[in-house]
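Reader: Could you walk me through this structure? I would like to start with the ligand and then look at some helices.

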Amino acid sequence: MRILITGAQGQLGHALQQALSGEDLILKDLPEFDLTQSHSESKIVAARPSVILHVGAYTNVDGAEREPDRALAVNVHGTTFVARAAATLNARLIYVSTDYVFDGTQTTPYCEEDVPHPLNMYGQSKRAGEIAALTGCPNTLVVRTAWLYGHAGNNFVKTIMRLAGEKPFLEVVGDQRGCPTNADDLALALKNLLVSDLRGICHVTNTGDCTWHEFAEAIVSLMELSTPVRPITTAQAGRLARRPAYSVLAQGRLGTMGPLLPDWKEALARFMKYAPHRASTLN
Ligand SMILES: NC(=O)c1ccc[n+]([C@@H]2O[C@H](COP(=O)([O-])OP(=O)(O)OC[C@H]3O[C@@H](n4cnc5c(N)ncnc54)[C@H](OP(=O)(O)O)[C@@H]3O)[C@@H](O)[C@H]2O)c1
């Protein structure tokens, strides 16, 4: 199978390279491949993949408020180019999207059928990207995931691991609830989904949910450190972009395909055990 991955150097892109190491992979990323340029479409067509894993994106949630045009160019126009190429090739397109398409007013997990209402520019651009993918290519699966961390790049887990060893205490938002997801586990799920005939939208995260504060406490505990982690409110954190208070994703569709991904705490422990950057307190 010839599989093209956009955003191949990002955290999920790296995990996909591992999960799909036996396949014929075409890796695309900046600077040679720029999703905002219309020739990204012809570059994909020239590579003739049968599957496109479109994970390349503008992912800086606060940054998208400062440079909305850039977020839209990458996440919407870029996805339009990718979807057109996929349609030309009769290829299968998997577009990775986000829990931030929801506004967080629900108190029970969001299903694939629930109506998106993004609160911030990143979520708006990813939702428009979903529509571009679904309308641009008939064989599209949109996979929404959440709170992703992997071995490449920066993420919440690595930040807390570093700060827990440096600071006398940590303050972390305690009034936003979601589903932490290990990029390795998501990559394995995508490996199965790309050969399935599932189309439309499918939610995929590690199972279980927590607040960012609970997530940070679990990280510090796995490091066997006693650094206190204090909960603060979203208002106290003062971030530029609004974020949903509740963005837990229900996984009804994935459940019909087979087992769900492991529990988030088990996935986190596995990640931290093998993280090369782990603190010296870990064994
Ligand atoms: N991270 C999360 O918590 C999270 C949660 C839910 C969904 N997602 C979605 O999951 C997917 C993977 O996320 P991730 O965390 O792996 O993201 P990531 O680490 O930021 O990787 C994204 C990749 O896309 C590349 N990229 C950015 N602009 C580009 C452009 N104009 N042309 C080509 N490539 C470009 C980035 O390159 P540079 O690094 O050079 O910019 C990077 O290599 C994304 O679609 C994201 O929206 C992420």
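**Ligand shell and helices**

Author: Happy to. Please keep in mind that this is a predicted model. The shell around the ligand holds 3 charged residues, while the nonpolar and polar ones number 12 and 12.

Reader: Thanks! Which residues come nearest to the ligand?

Author: There are 27 residues around the ligand. Those that come nearest are Gly7, Gly10, Leu12, Ala57 and Leu148.

Reader: Which element gives the most to the shell around the ligand?

Author: Helix H4 (68-89), strand S4 (92-98) and helix H1 (11-19) each supply at least two residues of that shell. With 3 residues, the one that gives the most is H1.

Reader: How do H1 and H7 cross: left-handed or right-handed? And is H1 roughly parallel or oblique to H7?

Author: Helix H7 covers residues 183-194, and its axis comes within 8 Å of that of H1, crossing at roughly 55°. That angle makes H1 oblique to H7. As for its hand, the crossing of H1 and H7 is right-handed.

Reader: Now for H11. Why do its buried residues line one face of the helix?

Author: H11 runs over residues 264-274, and its buried residues are Trp264, Ala267, Leu268, Phe271 and Met272. Looking down the axis of H11, these buried residues line one face because they fall within an arc of 130°.

How values were computed: Residues are numbered from 1 along each chain as its sequence is written. This is a predicted model: local features need pLDDT of at least 70, side-chain atom pairs count only at pLDDT 80 or more; totals for chains, interfaces and linings use all residues. A residue is buried if 20 or more other C-beta atoms lie within 10 Å of its own, exposed if 12 or fewer, and partly exposed in between; C-beta atoms are placed from the backbone. Helices (H or I, at least four residues) and strands (E, at least two) are DSSP runs, numbered from the N terminus. The arc is that of the directions from the helix axis to the C-beta atoms. A residue is near a molecule or strand if its C-beta atom, placed from the backbone, lies within 6 Å of it. Ala, Val, Leu, Ile, Met, Phe, Trp, Tyr, Cys and Pro count as nonpolar, Asp, Glu, Lys and Arg as charged, and the others, Gly among them, as polar. Axes are lines fitted to C-alpha atoms, for helices over the stretch in contact, and angles run from 0 to 180 degrees between N-to-C directions. Angles under 35 degrees count as roughly parallel, over 145 as roughly antiparallel, 65 to 115 as roughly perpendicular and the rest as oblique. A crossing is left-handed if the near helix is turned anticlockwise from the far one by less than a right angle, and right-handed if clockwise.
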